Amino acid sequence: MSIVARNIAKRFGDFTALDDVSLEVEGGSLTALLGPSGSGKSTLLRIIAGLETPDSGEIEISGQDATALEPQKRNVGFVFQHYAAFKHMTVRDNVAFGLAVRRRPRAEIRERVGELLRLVQLEAFADRYPAQLSGGQRQRMALARALAPDPQVLLLDEPFGALDARVRAELRDWLRRLHEEVHVTTIFVTHDQAEAMDVASQIAVMNHARVEQVGSPTELYDSPATEFVMSFVGDANRVGNAWVRPHELEIVHLPTDGAVEALIERITTYGFDARIELTPGEGEPLTIQLTRERLEQLEVEQGQIVWVRAAAERTFATEGGCPATAAGRRATSCGGVTAR
Amino acid sequence: MRKYLLRSTALGYLLIILIGPLAMMIWRTLGDLDGAWAAITSHNTLLAFKLTLYVTAIAVPINTVFGVVCGLVIVRSTLPGRGILNAFVDLPLALSPVVVGLSLVVLYGANGWFGFFDDHGIRILYAVPAIVLATVFVSLPFVAREVVPTLREIGDDQEQAARTLGASGWQTFWRITLPSIRWAVVYGVVLTAARCIGEFGAVLVVSGNVEGKTQTATLRVDDAYQFAYGNYAPAYGIALVLAAMAVLVLVAMTLVKPREEAT
């Protein structure tokens, strides 16, 4: 049940939400649309669902042109950020809605709804109204409701955005397990890179109405195609014209070739990891990520002056294409790593 | 201290403006209960109440359907005329009922654009159709005015969810939109009914006010008062029944309101 978006453009008045966007999603995959707010990711999702009409371009669902199809005929499940629970219906009736409007036999509806309520662990709440549920429970209900009519495609628009951090992590986990069980082609929109990396097998990074890069979480982290992807997916330090991941920076005690002098502002430890924040003589503040063990070996403290060296760095062209070659650095490929 | 002062001022104002006249009317009616009762149960009074209820029973459903459709057009559609529609819905609130009545007389009169009805023997003016038209006109905005803010408040998330779940536009309206705005509709219906029962000015101009034929309850009260010749009990009695109907409407409204707030 693949999804293809081809050359989609959409404007709202003067605002360009999508500018010639194309995206392919394989059947059965779990894809994240990742980007800052206003990047067009929700609009793309709503166009796939048929809730918005593109100004130009085509949508294909399972190999069939769906561009002109009304949302109720696309057989998609859609989960909204603010749940869109039917407030006047019980949890059971909410979940049964998609089957009831299709006039399925009562016995079949009862069985399917029971099955889904078990899946989302809301059997005990079947006769409650949405107002009597917590945010996480409401979103699980919304998921069950979207899955009830057996959609070809499941679309989630910032599904965990309105929930607190713990419930969010729980639901994230749960969505991943659900996908392993149900195997419905899933696209979810998020602005949280950790969420995208954690859940999705494929991520499409969006910025300014365009798709910047599509790839697996590792691909995006290891070989970002643009400066934006480098800075948005995972943490990144800017050293002059180059970008360096926090774990790729090293501290040396003596000045060496290519190292910059910097003052240690703060040292923080999170369990196994440690983080050192530094202010270099010139340029933007730096963050180094390392293990606790390595930190102890280094024997550094706050207020100390050290030298920082990049084990690997990347440069990007400002206008797409291949990276610009800066003096003293060799670019191996587009967005490639330059090892020293 | 200031709180109590404010409260007693408000209560005192209500007492003088609202409760006072009503209490006086009840007092006078009780002074000649037999006379009042005779007037209330007289043949023509009963016919007048029957006509009022008949007109209300026609006007309320018409304006309920119109109000809901109108609210949907104003809030949900992207039609170019919806701003104008929104402004025009309020017209009956701004316009004096006498003006409404007169404009109907001009429109359906012998030289009016719709004068041909009369030429073909279909009586509109000075008959029940004109009373219905006038009442529909003056009670038009109430359902729409209740429905519009409620539709805005609930947003279209639920409707969109219903569409993605396979519901047609019609199914979405009956199963999602209408249940979501039901208390606003009920509230609007109650207000519309109250306005229909109480309408006087517009109906006075178009009805002809013929006893037992085109006389509504409010016109009956006015007649009883105009031709009282010192005996005001009939007028007070009939007016009291109208007031009782209004109180019933108020009670219905307060019964609806807390439930509306709960959802």
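How many residues of domain 1 of chain B are in contact with domain 2 of chain B? In this predicted model, 5 residues of domain 1 of chain B contact 8 residues of domain 2 of chain B. Domain 1 of chain B covers residues 1–31. Domain 2 of chain B spans residues 36–262. Their C-alpha centres are 29 Å apart. On the domain 1 side of this contact, 3 residues are nonpolar, 1 is polar and 1 is charged.

Chain A holds an open sheet of 6 strands. The strand order is S6-S7-S8-S3-S9-S10, and the pairing is mixed. Strand S6 (76–79) and strand S10 (210–215) of chain A form the edges. Each of these edge strands pairs on one side only. On average, neighbouring strands of the sheet are turned by 15 degrees against each other, with direction ignored. Within the sheet, strand S3 (residues 30–34) of chain A runs parallel to strand S9 (residues 202–207) of chain A. Their pairing comprises 4 bridges. Leu34(A) stands opposite Val205(A), a residue of S9(A).

Helix H4 (residues 135–147) of chain A packs on this sheet. The strands touched by H4 are S6 and strand S7 (153–157) of chain A. The direction of H4 makes about 170 degrees with that of S6(A).

Nonpolar cores were examined next. In soluble globular proteins, nonpolar side chains tend to be buried together. The largest nonpolar core of the model has 96 residues. Ile48(A), Ala144(A) and Leu155(A) touch the most other members of this core. With residues up to four places away in sequence left out, Ala144(A) touches Val95(A), Leu116(A), Leu117(A), Leu119(A), Val120(A) and Leu122(A). Another core, of 53 residues, lies apart from the largest one. Among its members are Ala48(B), Val186(B), Cys196(B) and Ala239(B).

The contact between the chains involves 19 residues from chain A and 16 residues from chain B. On the chain A side, S6 and helix H2 (91–100) are the elements that give two or more residues. S6(A) gives the most, with 3 residues. By class, the chain A side of the contact has 11 nonpolar, 5 polar and 3 charged residues.

Key: Residues are numbered from 1 along each chain as its sequence is written. Chains are lettered from A and ligands numbered from 1 in the order in which they are written. This is a predicted model: local features need pLDDT of at least 70, side-chain atom pairs count only at pLDDT 80 or more; totals for chains, interfaces and linings use all residues. Two strands pair if DSSP finds at least two bridges between them. Axes are lines fitted to C-alpha atoms, for helices over the stretch in contact, and angles run from 0 to 180 degrees between N-to-C directions. Two residues are in contact if their C-beta atoms, placed from the backbone, lie within 7 Å. Domain bounds come from an automatic or database domain assignment. Ala, Val, Leu, Ile, Met, Phe, Trp, Tyr, Cys and Pro count as nonpolar, Asp, Glu, Lys and Arg as charged, and the others, Gly among them, as polar. A nonpolar core is a set of buried Ala, Val, Leu, Ile, Met, Phe, Trp, Tyr and Cys residues joined through C-beta atoms within 7 Å. A residue is buried if 20 or more other C-beta atoms lie within 10 Å of its own, exposed if 12 or fewer, and partly exposed in between; C-beta atoms are placed from the backbone.
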